[in-house]
Amino acid sequence: MHILFDLRTVDVLPTADRIYLVALVDGLLPALREGDRVTVLLAKGKPLAFPPIEHPAVAYVEAEREGRSSAGAAELTRLARRLRLDVYWSADPTLRPPTWPRRLKVVFAAEELLHVSDPARFGRLERFWWRLTVRPRLAAAQALVCPSHAQEVRVIAALGLHVRRKTHVVPNGVHPLFRQHDEAEIVAARRRWLVPQRYVLLVGRAEGAHNLDTPLRALAGNEEVSSATCVIVGDATPSPALRALIRDCHLEGMVRTIDADALPPEDLSALYSGASVTFEPSMSADYRPTILQSMACGTPVICAASAVNEELFGNAVLRVHPTDAAEWGKAFTAITLSSGLRERLVGRGLAHVAGRTWTATAKASMALARQLAGEVTR
């Protein structure tokens, strides 16, 4: 079987899509069999998003043309025909898949780009672009991969019930860099990034201050919680809306922001390990890597009560009302004052994350690719 992973536009993809596709390629080796071939297609002149895989079955090809152009689409079709591909895999449904060979199976990872179909978030032109460009390509794919059944429901609702048979749920993994750290490693990371001893952690670029409103108000309105600094790993400079929110909550000096692009994964992992708790306030139905990463580092998680969090994490996290600051504060106080609750959450989190590796995700994804390729040859 010959499979091509299209990474030409990986640098402009939403975070969830980028993490998914890069980590999937990175976890391929244990899933390869004798006779398998993998080609990774990159944009010319762009740096590789992960360490190159040294394996005789894995090859890297640089595209001459821009991925989303007509010339790029024609170049991709010529490459697919020359390589005699069995499966084409992408996380960017705005790319035109190869039109040849006809036996080729097309797989898309359907993640955050489905937000474009939400009329509450986008205007008329964006929705027109979705209907004209993205939706037909997603609907035409032979397989759509989602990290959860909650995401699958969104895919089916956006594309129509006729895609139900082509949707496949493959849970995402967590990188082995995220692990429990000893005290010396935690202290060293805290000193490098000027983080105090007692803090709560929020990781991920703010899609607007509204996502941080509830946890920050929880910090401001609870005596036990307000003594902890809030460390936000995301944008290098707080947005005006976030600065206004901090002032409104009277948390000046109690919020520390760190540029996510400058923070190495090893230091992020150590900061997870040293946090009192990780907050994940997003109400999105998309997969949030923050929760798995925090659990892998032995830190309990308080997250918004949503269908995807209930499905993926169950009782390994504390789920609270997304917009009730009092609930967030009470949950943090309970974890702080009850060592038994904290130990139970840490133990459940470590047990939950034990099988959630990107190698397992890659194996399941390759099994799907083999199934599709087998359908061609039968």
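Predicted model: local features only at pLDDT ≥ 70, side-chain atom pairs only at ≥ 80, totals over all residues.
Helix 5 spans residues 183–192 and helix 9 spans residues 265–274; their axes come within 8 Å and cross at roughly 110°. Helix 5 is therefore roughly perpendicular to helix 9, because angles of 65 to 115 degrees count as such. On the helix 5 side, the contact is formed by Glu 185, Ile 186, Ala 189, Arg 190 and Arg 192. Helix 9 contributes Asp 267, Ala 270, Leu 271, Ser 273 and Gly 274. Sorted by class, the contact of helix 5 with helix 9 comprises 4 nonpolar, 2 polar and 4 charged residues.

Helix 13 (residues 339–353) takes part in two of the contacts described here, one with helix 10 and one with helix 12. The axes of helix 10 (residues 289–296) and helix 13 come within 8 Å, with a crossing angle of roughly 110°. The two helices are therefore roughly perpendicular to each other. The crossing of helix 10 past helix 13 is left-handed. Leu 292, Met 295 and Ala 296 of helix 10 make this contact with Gly 349, Leu 350, His 352 and Val 353 of helix 13. By class, 5 of the residues in the contact of helix 10 with helix 13 are nonpolar and 2 are polar, and none is charged.

Helix 12 (residues 325–337) also meets helix 13: their axes come within 5 Å and cross at roughly 100°. That angle makes helix 12 roughly perpendicular to helix 13. The residues in contact are Ala 334, Ile 335 and Leu 337 from helix 12, together with Ser 339, Leu 341, Arg 342 and Leu 345 from helix 13. The contact of helix 12 with helix 13 divides into 5 nonpolar residues, 1 polar residue and 1 charged residue.

Open space in the model was also examined. Rolling a probe the size of a water molecule over the atoms shows where empty space is left. The second largest pocket has a volume of about 160 Å³. Its lining includes Leu 7, Arg 8, Val 10 and Asp 11. Leu 42, Ala 43, Lys 46, Pro 47, Leu 48 and Ala 49 also line the second largest pocket. By class, this lining has 7 nonpolar and 3 charged residues, with no polar ones.

Most residues other than glycine have a negative phi, and most peptide bonds are trans. Arg 84, a residue other than glycine, has a positive phi near 55°. Trp 100 and Pro 101 are joined by a cis peptide bond, with omega about 0°.

Methods: Residues numbered from 1 in each chain as written. Heavy atoms only, no water. Axes fitted to C-alpha atoms, helices over the stretch in contact; angles between N-to-C directions. Helix = DSSP H or I, 4+ residues; strand = E, 2+ residues; numbered from the N terminus. Parallel < 35°, antiparallel > 145°, perpendicular 65-115°, else oblique. Left-handed = near helix turned anticlockwise from the far one by under 90°. Contact = heavy atoms within 4.5 Å. Nonpolar A, V, L, I, M, F, W, Y, C, P; charged D, E, K, R; others polar. 1 Å grid on protein atoms, 1.4 Å probe; cavity = no way out; pocket = protein on both sides within 12 Å on 5 of 7 lines; lining within 4 Å. Points joined across faces, edges and corners; volume = space filled by probe spheres on them.
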